[in-house]
Amino acid sequence: MLPERPERALALGAHTKDVDIEAGGLLARWSGEGTRVTLAVLTDSSRGTSRVGQPRQELTRLRAEEQRRAAEILGYREVRFADLPDGEVCSAEPWRRTVATLIRGIRPQVVLTYDPWRPYELIGDHRNIGLLAADAIVAARDPMFFPELLAAGLEPWRPDCLLLFAPAEPDAEADVTDFVERKLDAVLTHRSHSVKRRLVGELDADGLAELRELLRREHQTGDGRAVERFRAWWL
Amino acid sequence: MRAPDERLRVLGVGAHPDDLEFRVGGALAAYAAEGAEVTMMLITDGGRGSWDVVRPAELAGRRLAEAEAAGRALGAERVFCLHHRDGSVVDAPALRQELCAWLRALRPNVVLTHDPWRRYNVHPDHRATGWACCDAMVAARNANYFPEQLERLAPWRPRELLLFMPLEVNHVVDISSHLEAKVAAVLRHESQLAGWAARAEPPGGDPADSVRRRVRQQAAAAAEGRSFSYGEAVHRVTLRGE
């Protein structure tokens, strides 16, 4: 079951674009209804590209700009960039402290990220960020973890729900019928990324229209609605 | 793209001597029979693979010789070992880096390894090998990973990944013409026969016969409902590579 619209939501992406393409419809809907959505991009997004020779720092800068534009389209209240190394997401330090600090500071009722149990997800960052989120939630809610956070005034905080996108076994559906076009606008803002094996920035108008239609169809149900699917993990 | 006269290159990545033979020996033999250049890479030397307490270095030497003999039975051109400690393979950045370098050096079109998504997989080496190999596939194709390797090696993207003992079977390799080669390769691992004998059916029976029967039964079960008699079940991931 989908959680009720929270006052505050924290969406964790390994890279720019991740959250927008997986949950951008629901987050646009919640944002429009008054939820304060914070997007945290944990890595510097500097590695995943099919283009050879592009300096990594340039990619980081470009992708942060794309993400800010997409966040504006979707209505997120805030975007934070942790700039940890792309391709190395795991639950070790400093990853866990970074996410625990975010959770204690933002105090979200719902945290969103990738389902770590989705089979045959080859990108390790997408597998690992789900377990990192779970581990960091434990550290955020229990005062004995990272005592320096408590000393800095960050009280323990327990979210109600970890809402997993790209789920192995979905059990929640969000109706995004009125938000899917806005979501696709946001996704296609990520011009330095590949979507469905196509580098967005290299597509002409026909290519963009075709990609948009492919993505649109993935959201459609038999009864004319558009949905995003999740696994709700109640805490 | 491969040049018309260039041979297909196939790389099997197994945690221990005998893992590849048991799980994809038939597929490797089929590739070799079709003219592919088959390489078998072992992460560990199998030095702890015994029910008796033995000296690991001695056992390892014996097992690597067995692996080479098994490779010959399958038609593989190369069998080599990275000499990680048996039982202690860790899915860490160092192993990913090492496997990334081998992928870039050997430039395989097809890679076969343990499916790390399989649940209730008790052996840590099998899980760690599968994860490290999948992560290395993602790294090898991208110049932003381990750029120090690019002084001598180029990025490389295989076209296919075959995961054995899979969580979800989506492909069965026809090994009907290669079952005997597979059995022969498995039986080259003579140091393991005593351990297999303990599980022989009937108890006290000839362990080699028991192994032969087991391999045949598994291959027949994998091919059930197919148009061929013997198979090996895998999860096939198609990549955009060469």
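**Briefing: sheets, helices and the A–B interface**

Helix α1 (residues 19–33) of chain B lies across β1 (9–14), β2 (37–44), β4 (110–114), β5, β6 and β7 of that chain, and runs at about 165 degrees to β2(B). The model is predicted. Chains A and B each contain an open sheet of seven strands with mixed pairing, and the two chains bury about 1700 Å² between them.

**Sheet of chain B**

- The strand order in chain B is β3-β2-β1-β4-β5-β7-β6.
- Strands β3 (78–84) and β6 (171–174) of chain B each have a single partner strand, so they stand at the edges and one side of each is left without a neighbour in the sheet.
- Strand β5 (residues 160–164) of chain B runs antiparallel to β7 (residues 231–238) of chain B, and five bridges join the two.
- Within this pairing, V237(B) in β7(B) stands opposite L161(B).

**Helix α3 of chain B and A101(B)**

- Helix α3(B) lies across β1, β2, β3 and β4 of chain B, running at about 160 degrees to β3(B).
- A101(B) is found in this helix, which spans residues 93–106 of chain B.
- The relative accessibility of A101(B) is 21%, so A101(B) counts as partly exposed; buried would require a value under 20%.
- Leaving aside neighbours within four places in sequence, A101(B) is in contact with Q149(B) and L153(B).
- L74(B) is 27 residues from A101(B) in sequence, and their C-alpha atoms are 25 Å apart.

**Sheet of chain A**

- In chain A the strands are ordered β3-β2-β1-β4-β5-β9-β6.
- The edges are β3 (78–84) and β6 (172–175) of chain A; each has a single partner strand, so one side of each lacks a neighbour in the sheet.
- Strands β4 (residues 110–114) and β5 (residues 161–165) of chain A run parallel and are joined by five bridges.
- Y114(A) has F165(A) in β5(A) as its bridge partner.
- Helix α2 (residues 56–74) of chain A lies across β2 (36–43) and β3 of chain A, at about 160 degrees to β3(A).

**Interface of chains A and B**

- Chain A contributes 16 residues to the contact and chain B contributes 21 residues.
- Of the buried area of about 1700 Å², 53% is on carbon and sulfur atoms.
- Ten residue pairs are in polar contact across the interface.
- One salt bridge is found across the interface: R127(A) pairs with D135(B), with the closest N and O atoms 2.9 Å apart.

Methods
Residues numbered from 1 in each chain as written. Chains lettered and ligands numbered in written order. Predicted model: local features only at pLDDT ≥ 70, side-chain atom pairs only at ≥ 80, totals over all residues. Heavy atoms only, no water. Pairing = 2+ DSSP bridges. Helix = DSSP H or I, 4+ residues; strand = E, 2+ residues; numbered from the N terminus. Contact = heavy atoms within 4.5 Å. Axes fitted to C-alpha atoms, helices over the stretch in contact; angles between N-to-C directions. Buried < 20%, exposed > 50% of the residue type's maximum accessible area, 1.4 Å probe, protein only. Buried area = accessible area lost by both parts, 1.4 Å probe. Salt bridge = Lys/Arg side-chain N within 4 Å of Asp/Glu carboxyl O. Polar contact = N/O pair within 3.5 Å; in protein donor to acceptor, adjacent residues only side chain to side chain.
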